[in-house]
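Reader: Here's a model I'd like to get my head around. Could you pick out the packing of its helices and strands and take me through it slowly?

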Amino acid sequence: MLGERLKRFRIARGMTLADLETAIDRLVSSSTLSKYEKGIRQPSAKTLNRIAAAYGIKSTQLWGEPMCDVESIAFRKKTKLGKREQERIKAFVAEEIEKRVWLQEEISKQNTLELPILGTTVSNLDDAEEAAYTLRETLGLDITPIKNLMGVLEEQGIYIIEVKASETFDGISAVARDTNDKVIAAAIAIRSEIPGDRQRLNIAHELGHLILDIDKNVDPEKAAFRFGAAFLVTAEQLRKDVGQKRKRFYNKQLFDLKKRYGMSIQAIFYRFKDLGIITEDYYKKWCIDISRWGWKKNEPINIPTEKPQRFQKQIRSAISEGFITEGDSKRLLNQIEQSSTDQSLSERRQFLALPKKERHRILSEQAKEMADFYENDPEWREWEGGPIVEY
């Protein structure tokens, strides 16, 4: 178990074994670190503490028994996303979910997750559409557009996690199970810094993966997309806004619809086609026009992004009630400085590659400079309260 966690925390930070070796100042070699991860050898307490410091976490997070088992339900990505980056994202999301489960336990917060995780059977795409309406009804939503999608889902106990990643990553839906295999948390992870319209559809799409039990004969991505689009834009409301059938749309109408629904023009047109509001030929024509105008990557009208709030609110509440410390909150929010930035690792490698005599010379010079500074600068003495007196 320790070896698996050592590896997962390292991968979550995008570090190689050589990076970790450098980050702990070569306390042990990368080959020894590899043996720790494989369970061939056990690290000493000193080494484990150094590794934890390099990761910006408590050492108990490495050797302690995990409170849950994190399971990815769906991982949406493009083929260009490399295997190493995939592993990093999965490891990062698993760590973030563990943090949230830990905090729930610390504050004795009752699990508020009441959604039917993987509980809605889907045998065709129409079932996925119907499932979206059923869920909206369950949540007390009417047919009008959802203004704050993240807020609605966070109120239902779903965590939204933002991931720094390339454009080749779209999203992950995942759950955490306890030792009795009961789902105790659910999360949707999406790429940070994307337009609000794409963000909303990504979240709704991943919600589909969380909710739906999709038949093996149904394309899971198509089912999740249909669910997500229907959850954001109900057929009844859309037909009220544009009519049962349309032969033509003008740009201004599309811009107004995008602002109203918080969904991209491309997704809105796909919704028109799915609901039979426009013909297949008209949809294809618009696809050509959208591509010709450069709207595939950059559409007109910016939709503001939403920000997750639930985890931060829980942290603030836990601090105020004395359940956790400020240091705990910084670790939970990834605000602890890790000794593993690209620049510091590069500098350490260069320093450690120098001959031993040269390294000692540099360290001696640095020590002398610091001694001169403290000897000649009176301000630090005033700040410290005067010179040290021996009794």
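Author: Helices α1 and α6 are roughly perpendicular to each other, because they pack at an angle of about 110°. On that scale, under 35 degrees is roughly parallel, over 145 roughly antiparallel, 65 to 115 roughly perpendicular, and the rest oblique. Angles run from 0 to 180 degrees between N-to-C directions, and axes are lines fitted to C-alpha atoms, for helices over the stretch in contact. Before going on: this is a predicted model, where local features need pLDDT of at least 70 and side-chain atom pairs count only at pLDDT 80 or more, while totals for chains, interfaces and linings use all residues. Numbering starts from 1 along each chain as its sequence is written, and side-chain values use heavy atoms, leaving out hydrogens and water.

Back to that pair: α1 covers residues 2-12 and α6 residues 83-106, with the axes 7 Å apart. (Helices are DSSP runs of H or I with at least four residues, strands are E runs of at least two, and both are numbered from the N terminus.) On the α1 side, the contact (heavy atoms within 4.5 Å) includes Arg-5, Arg-8 and Phe-9; among the α6 residues are Glu-87, Arg-88 and Phe-92. The contact residues divide into 6 nonpolar, no polar and 6 charged. Here Ala, Val, Leu, Ile, Met, Phe, Trp, Tyr, Cys and Pro count as nonpolar, Asp, Glu, Lys and Arg as charged, and the others, Gly among them, as polar.

Now for α12 (residues 251-261) and α13 (residues 265-274): their axes come within 10 Å and cross at roughly 100°, so these two are roughly perpendicular as well. Leu-254, Phe-255, Leu-257 and Lys-258 of α12 meet Ile-265, Ile-268, Phe-269 and Phe-272 of α13. That contact splits into 7 nonpolar, no polar and 1 charged.

On to the strands. There's an open sheet of 4, in the order β1-β4-β5-β3, with mixed pairing; two strands pair if DSSP finds at least two bridges between them. β1 (69-77) and β3 (158-163) are the edge strands, each pairing on one side only. From one strand to the next, the twist averages 20°. β1 runs antiparallel to β4 (residues 169-177), joined by 8 bridges, and Val-70 has Ala-176 as its bridge partner in β4.

Finally, α9 (residues 196-211) lies across β1, β3, β4 and β5 (183-191), at about 150° to β5.
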